Amino acid sequence: MGHRSLAIALACLLVGIPLPGATAPLGIVTQSSKGHLSTSDASAGATIYDGDRLLTDAGGVLRLRIGASWLYLPGQSDVTLHGATTGALADLSGGSLVFSSALASAMEIRAREARIRAAGNVPTVAQITVVGPKELRVTARRGALELTYRDETERIPEGASYRVLLDPSPDDIPPAINGRGPGSWPGTPPKHAGKVDRKLLLVAAAAGAWVTAWAIHEKVESPDEP
């Protein structure tokens, strides 16, 4: 590298301008306790890039600012972040996350091949939990959500919480719904209960598991907090 090129590179580094061909950062870690960024311990101020994996130990927490969105990871969660054309994609492979965004295109969550995003450009806060290989728990705390799996899409209204069953088998459907005999679905019947050949089945559920994560999220979001 010539002296002129070296001088330009050093100047760019000093003022924080990305070098030509360098990968732009996706976001930043704003809070970490028992959190990990790829193979290292995560700390507040750490920069997040496309492809970075973030994990939390039991009892841990990570809070991230990703462009125009926030992500909150409680303990025992596993997320890989990717850049997208208009925002970011968070690939949730284990545990839970809470996301907040005011733009539908700013953040999309992928979990077990299902994709969840804000249904519109309004302030939206939601929690997604991986329950099993073919089951999620999705809660729309504020704003509605759009959930897509394969070629099927469902809308989750504000304030609703659902068990999301992916590729449900006949054994996943109670007898009263699949016509195999007497029985009933506990609580509210699932959406499209009569269509047992669907790839995506939503079953209304209580949002009790939300409380702890949301209380912490509100605390760190409060302007009164240092």
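Helices (H or I, at least four residues) and strands (E, at least two) were taken as DSSP runs, numbered from the N terminus. On this basis the chain has three helices and 16 strands. The model is predicted, so local features need pLDDT of at least 70 and side-chain atom pairs count only at pLDDT 80 or more, while totals for chains, interfaces and linings use all residues. Residues are numbered from 1 along each chain as its sequence is written, and side-chain values use heavy atoms, with hydrogens and water left out.

Buried residues (under 20% relative accessible area, against over 50% for exposed and in between for partly exposed; 1.4 Å probe, protein chains only) account for 42% of the 226 residues.

Turning to charged pairs, the whole structure holds eight salt bridges, each a side-chain nitrogen of Lys or Arg within 4 Å of a carboxyl oxygen of Asp or Glu. In one of them, R53 meets D78 with the closest N and O atoms 2.5 Å apart; this pair links strand 4 to strand 6 (residues 78–83) across 25 residues. R53 is partly exposed at 39% relative accessibility, whereas D78 is buried at 12%. K199 and D151 form another, at 3.5 Å from N to O. Both lie in loops, so this bridge ties together parts 48 residues apart in sequence.
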